[in-house]
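The tour below moves from one selection to the next.

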Amino acid sequence: MPSLYELSSDLERVIDGGMIVDMDTGEVLFDEENLDQLKATVAEKFLACKMFADGQRSKAQSLKDLAKAMTESAKAMEKKAERIEAYMLDRAKANGGEISTDSITVKVRKCPPSVEITDEEAIPKRFWREKVTRTIDKTRIKEELKSGEYVPGAALVVNEKVSVR
């Protein structure tokens with residue numbers, strides 16, 4: 001089947017010139033009599049393209065959902081590993097802090113010191129780092145541009161998209 005581009009070009013040529021002739025054979029491929037058929041074929045191709053685009057969006061959403069589910073699953077597995085490690089620490093302490101066999105030695109060891117924040121508000125300002133993020137307020141720029149104001153580096157544009165129903 002011809003592409004949407006080819007069909008659209010054919011439709012444009014029939015509308016402009018009244019017919020399309022195969023230059024090799026001289027056969028009239030489309031003329032004003034079968035214009036409706038050509039329009040229907042173009043419409044079918046648009047529908048096929050729309051269905052393909054919708055399918056791609058659906059697959060993209062499915063992948064996003066899967067990624068979210070996998071992230072949640074990974075977090076759950078990490079929590080489970082932490083619980084198992086806490087359980088092993090508790091059991092090792094209960095058994096005197098050291099267990100040895102021919103194949104394994106289990107010991108309770110001290111970790112390097114780490115900081116645990118118990119009350120953020122009580123921490124003095126000298127220990128805080130400021131993190132500044134800048135974002136452009138497009139809504140405000142749009143309002144300014146619509147009211148006729150000039151905003152350097154910005155323009156109000158009207159994009160187009162195809163609507164297939």
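This is a predicted model: local features need pLDDT of at least 70, side-chain atom pairs count only at pLDDT 80 or more; totals for chains, interfaces and linings use all residues.

**Stop 1: K50 and D54**

Select K50 and D54. The two residues form a salt bridge, with their closest N and O atoms 3.0 Å apart. K50 is partly exposed, because its relative accessible area of 29% falls between the limits of 20% and 50%. D54, at 36%, is partly exposed as well.

**Stop 2: D90 and R91**

Move on to D90 and R91. Their side chains meet in a salt bridge, at 3.1 Å from N to O. Is D90 buried, exposed or partly exposed? With 41% relative accessibility, D90 counts as partly exposed. R91 is also partly exposed, with a relative accessible area of 39%. The count of salt bridges in this model comes to 2. Side chains of opposite charge can pair when their charged atoms come close.

**Stop 3: the nonpolar patch**

Select L63, L66 and M70 and keep the surface on. These residues make a nonpolar surface patch of about 330 Å². M70 belongs to helix 2, which spans residues 35–94. The relative accessible area of M70 is 53%, so M70 is classed as exposed, the limit for that class being over 50%.

**Stop 4: the negative patch**

Next, select D137, E143, E144 and E149, and colour the surface by charge. Together they form a negative surface patch. Where does D137 sit? D137 is in the loop that runs between strand 4 (105–107) and helix 3 (138–146). Its relative accessibility is 44%, so D137 counts as partly exposed.

**Stop 5: the cysteines**

How many disulfides does the model hold? The count is 0. A disulfide is a covalent bond between the sulfur atoms of two cysteines; the cut-off used here is a sulfur pair within 2.5 Å.

Definitions and conventions: Residues are numbered from 1 along each chain as its sequence is written. Side-chain values use heavy atoms; hydrogens and water are left out. Patches are made of residues with over 30% relative accessible area and no salt bridge: like charges are joined within 9 Å, nonpolar side chains (Val, Leu, Ile, Met, Phe, Trp, Tyr) within 5 Å. Accessible areas come from the Shrake-Rupley method with a 1.4 Å probe; for residues, only the protein chains shown count as cover. A salt bridge is a side-chain nitrogen of Lys or Arg within 4 Å of a carboxyl oxygen of Asp or Glu. Lys and Arg count as positive and Asp and Glu as negative; His and the chain ends are not counted. The place of a charge is taken as NZ of Lys, CZ of Arg, CG of Asp or CD of Glu. Helices (H or I, at least four residues) and strands (E, at least two) are DSSP runs, numbered from the N terminus. Buried means under 20% relative accessible area, exposed over 50%, partly exposed in between (1.4 Å probe, protein chains only).
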